[in-house]
Amino acid sequence: MTPHHVVVLVLLWAGVACMLLSAAALVRLRGTLMRLHALAPAPVAGVPLIAAAVAVDQGAGRAAVKTLFIGLLFALGGTVTAIAVGRAARQAEHEGRSRP
């Protein structure tokens, strides 16, 4: 097993672990905001780590840059989506309490 292969495996399994831990926390936690918080590591850490593993496996070149860009988009998009859903859930919860 080469060092290159070890780096790919470490990155890949770290990303998969983030995804699995997020899924387990989603099942375990109750409440919209707690579940949303549990899902945050999946797009912010899990997908970029998997993308990094794929990019390292592809080697230097255009394909690796494209893969890393996709991982970056997931990280940024996941953060923005989590914030938007959290605000919408909080607003819905607040409106539900104010109704008679």
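These are my notebook entries on a predicted model of a protein.

**Ground rules**

I number residues from 1 along each chain as its sequence is written. Because the model is predicted, I take local features only at pLDDT of at least 70 and side-chain atom pairs only at pLDDT 80 or more, while totals for chains, interfaces and linings use all residues, and side-chain values rest on heavy atoms, with hydrogens and water left out.

**Confidence**

I looked up pLDDT first (the predictor's confidence in each residue, from 0 to 100). The protein averages 87, and 96% of the residues score at least 70. Confidence is lowest in helix H2 (residues 32–39), with a mean of 82, and highest in helix H1 (residues 3–28), at 92.

**Overall make-up**

I took helices and strands as DSSP runs numbered from the N terminus (helices H or I, at least four residues; strands E, at least two). I find four helices and zero strands. From the N terminus on, the order is α-α-α-α. The radius of gyration is 17 Å, well over the 13 Å that the globule rule gives for 100 residues, so the protein is more spread out than a compact globule. That radius is taken over C-alpha atoms, and the rule is 2.2 Å times the number of residues to the power 0.38. Along the principal axes, the C-alpha atoms fill a box of roughly 65 × 30 × 10 Å.

**Surface and contacts**

I looked up accessible areas by the Shrake-Rupley method with a 1.4 Å probe; for residues, only the protein chains shown count as cover. The protein exposes about 7,200 Å², of which carbon and sulfur atoms supply 72%. For burial I used relative accessible area (buried under 20%, exposed over 50%, partly exposed in between; 1.4 Å probe, protein chains only). Of the 100 residues, 20% count as buried. For contacts I required heavy atoms within 4.5 Å. Among contacts with a separation of 6 or more, 61% are between residues 24 or more positions apart.

**Helix H1**

H1 has 26 residues and reaches 37 Å from its first C-alpha to its last, close to the 38 Å expected at 1.5 Å a residue. The expected span of a helix is 1.5 Å times one less than its number of residues. I list Val-8, Leu-11, Gly-15 and Ser-22 as the buried residues of H1. They pack against H2 and H3.

I checked two residues of H1 in turn. Ser-22, which lies in this helix, counts as buried at 3% relative accessibility. Setting aside residues up to four places away in sequence, Ser-22 touches Ala-38, Leu-39, Pro-41 and Ala-42. Val-6 is also found in H1, but with a relative accessible area of 37% Val-6 is partly exposed. I looked up its distance to Ile-70, 64 residues along the chain, and the C-alpha atoms are separated by 23 Å.

Leu-36 has its place in H2 and counts as buried at 18% relative accessibility. Not counting residues up to four places away in sequence, I find Leu-36 touching Ala-82, Val-85 and Gly-86. Leu-36 and Ala-52 are 16 residues apart in sequence, and their C-alpha atoms are 24 Å apart in space.

I then looked from the other side. Gly-86 lies in helix H4 and is buried, with a relative accessible area of 12%. Leaving aside neighbours within four places in sequence, Gly-86 is in contact with Leu-33 and Leu-36. Gly-86 and Met-34 are 52 residues apart along the chain, and their C-alpha atoms are separated by 9.7 Å.

Helix H3 (residues 41–58) has 18 residues and reaches 25 Å between its first and last C-alpha, close to the 26 Å expected at 1.5 Å a residue. The buried residues I noted in H3 are Ala-42, Gly-46, Val-47, Ala-51, Ala-52, Ala-53 and Ala-55. Gly-59 follows H3, and its phi is positive, near 85 degrees.

Thr-67 lies in helix H4 (residues 62–98). Thr-67 is buried, with a relative accessible area of 14%. Not counting residues up to four places away in sequence, I find Thr-67 touching Ala-51, Val-54, Ala-55 and Gln-58.
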